[in-house]
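This report describes a single protein chain, going from the overall fold to local features.

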Amino acid sequence: PLRMSALATQQVTARLVARVARRLAKSDRIAMSTRAAAGSSFLSGVEQAPADPILGVSVAFRESTNPNKLNLGVGAYRTEDLKPYVLDVVRQAEKRMIEADFDKEYLPMQGLAEFNEATRKLLLGEGSAAIAESRVATVQSLSGTGSLRVGAAFIAKFMPGAVVYLPNPTWGNHKNIFADAGVEWREYRYYDKATIGLDLDGMIADLKAAPRGSVICLHGCAHNPTGVDPTKEQWAAVADAVEANGLVPFFDVAYQGFASGSLEEDAYAPRLFERRGIEFFCAQSYSKNLGLYAERIGAINAVVNDEETAARTLSQMNRIARAIYSNPPVHGARIAATVINDPALFARWNEEMGEMAGRIKTVRAMLYDNLCKLNPDKDWSFVTRQIGMFSFTGLNPNQVKHMTEKHAIYMTGDGRISLAGLSQAKCEYLANAIVDSFTVE
């Protein structure tokens with residue numbers, strides 16, 4: 001074979017280098033052009049997140065100019081005039097706090113001691129053996145969402161491989177909270193569309209099929225979104241299945257007082273499990289029952305079988321909280337502690353809970369009456385059978401869209417409406433919209 005001279009070799013090499021350089025330059029120009037078109041940001045590949053299915057409803061409501069518009073999406077209590085309500089006991093507690101001239105120093109990682117003591121007592125009752133024996137680890141957290149998130153992070157770290165089972169359906173944010181903490185979630189049967197009630201047989205069967213050590217998310221009362229709660233007898237059956245199959249309950253208690261109007265009655269389920277010696281997690285929120293929506297006050301509790309385990313669990317939950325938000329807010333914690341620990345304020349709070357729950361029961365009954373008048377051939381009894389803030393209407397996504405586009409009634413896509421945002425004056429209007437929307441396929 002012929003051999004190239006040194007000069008020829010250099011020329012070929014130079015041409016190859018030039019060709020590669022031209023290609024690289026072209027690639028750079030394309031890349032620069034792409035970055036420029038995207039705003040020259042290193043985050044240009046970030047996708048737009050979908051609108052929050054609940055909070056997005058309020059955004060759309062505010063943008064509407066329809067004078068008849070109704071916001072039945074967010075579970076926030078409103079007066080008969082559809083105005084936000086600040087509880088009388090909250091006003092009284094804040095007045096005392098101003099007079100006491102508290103400072104604004106950091107709280108410990110686990111929160112305000114007086115609040116933690118009070119929230120355990122509200123959850124488990126005065127005679128709780130777990131409290132008396134120091135078997136409850138409590139960390140004040142950022143309302144129900146933050147409490148669930150700390151609990152989810154704890155499960156991810158100390159119960160690796162455990163799956164969380166959520167009721168179908170459940171509050172929309174449950175899935176986000178556990179998934180973002182790296183915890184796998186699945187669903188168990190809960191709601192029976194045929195009866196518009198609890199599918200107890202399906203629920204028990206799914207609990208029995210869950211692997212031992214699985215975490216079972218249970219709504220303590222006023223199930224969101226269905227408003228369908230187990231009876232006391234059904235709670236006993238659920239406890240039997242949990243105990244027999246080695247499952248770990250995780251109660252979400254966001255509406256204590258709003259189901260029955262009684263703070264004591266609505267704590268039945270977690271107190272039952274505690275009396276039976278079943279260990280569990282429980283997230284609490286004071287957004288709804290004290291109206292402390294913006295204060296972000298809640299707690300994560302672990303009820304366990306011995307004091308040493310509770311102490312170690314508390315230390316690790318504190319560490320998790322430290323990494324997420326460091327310290328919880330103090331203002332709302334002082335409000336809740338003041339109300340719960342003062343007998344007169346606590347009695348008044350019970351009265352106000354009864355008044356708020358009573359108003360919701362009244363609009364439920366009025367809505368039911370109007371629906372029956374408009375369409376007596378349909379069984380509307382589910383409206384009054386359901387409890388708490390919500391009613392699960394059975395409207396499908398197309399019908400919900402019709403409710404919004406034609407009637408300016410803003411609600412979540414699963415057909416849930418918040419009766420806490422309904423006034424007596426609007427019951428007939430809502431009933432007309434529901435009956436009309438059921439005609440849409």
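## Overall make-up

Of the 441 residues in the chain, 49% count as buried, where buried means under 20% relative accessible area, exposed over 50% and partly exposed in between (1.4 Å probe, protein chains only). This is a predicted model, in which local features need pLDDT of at least 70 and side-chain atom pairs count only at pLDDT 80 or more, while totals for chains, interfaces and linings use all residues. Residues are numbered from 1 along each chain as its sequence is written, and side-chain values use heavy atoms, with hydrogens and water left out.

The chain has 16 helices and 13 strands; these are DSSP runs numbered from the N terminus, helices being H or I with at least four residues and strands E with at least two. Along its principal axes the C-alpha trace spans about 105 × 60 × 55 Å.

## The largest pocket

The largest pocket holds about 630 Å³ of space. A pocket is found on a 1 Å grid over the protein atoms alone, as an open set of points where a 1.4 Å probe fits, with protein on both sides within 12 Å along at least five of seven lines; lining residues have an atom within 4 Å of a point. Points are joined across faces, edges and corners, and the volume is the space filled by probe spheres set on them.

The lining of this pocket comprises 32 residues, with I54, T145, W171, K288 and R296 nearest the centre. Helix 6 (143–158), helix 7 (173–180) and strand 8 (248–253) are the elements that each give two or more residues to the lining; helix 6 gives the most, with 4 residues. By type, the lining residues divide into 14 nonpolar, 13 polar and 5 charged (Ala, Val, Leu, Ile, Met, Phe, Trp, Tyr, Cys and Pro count as nonpolar, Asp, Glu, Lys and Arg as charged, and the others, Gly among them, as polar).

## Aromatic contacts

The structure holds 17 aromatic pairs. Rings of Phe, Tyr and Trp (its six-membered ring) pair if their centres lie within 6.5 Å; planes under 30 degrees apart count as stacked, over 60 as edge-to-face and the rest as tilted. Y191 and F392 form an edge-to-face pair, with 5.0 Å between centres and 85° between planes. Y191 belongs to strand 5 (residues 191–192) and F392 to strand 11 (residues 390–392), so this pair ties together parts 201 residues apart in sequence. Y191 is buried at 13% relative accessibility, and F392 is buried at 9%.

W380 and F382 form a tilted pair, 6.2 Å centre to centre with 40° between the planes. W380 is buried, at 2% relative accessible area, as is F382, at 3%. The charged end of K378 sits over the ring of W380, 5.2 Å from its centre, and K378 also lies over the face of F438, 4.7 Å from the ring centre. Here a charge sits over a ring if NZ of Lys or CZ of Arg is within 6 Å of the ring centre and within 35 degrees of the ring normal.

In strand 3 (residues 164–168), 4 of the 5 residues are buried, so the strand is largely enclosed by the rest of the structure. Strand 3 pairs with strand 4 (residues 185–189) in the parallel sense over 5 bridges; pairing requires at least two DSSP bridges. N168 stands opposite R189 in strand 4.

A cis peptide bond with omega of about 5° joins N168 and P169, and P169 is in the loop between strand 3 and helix 7.
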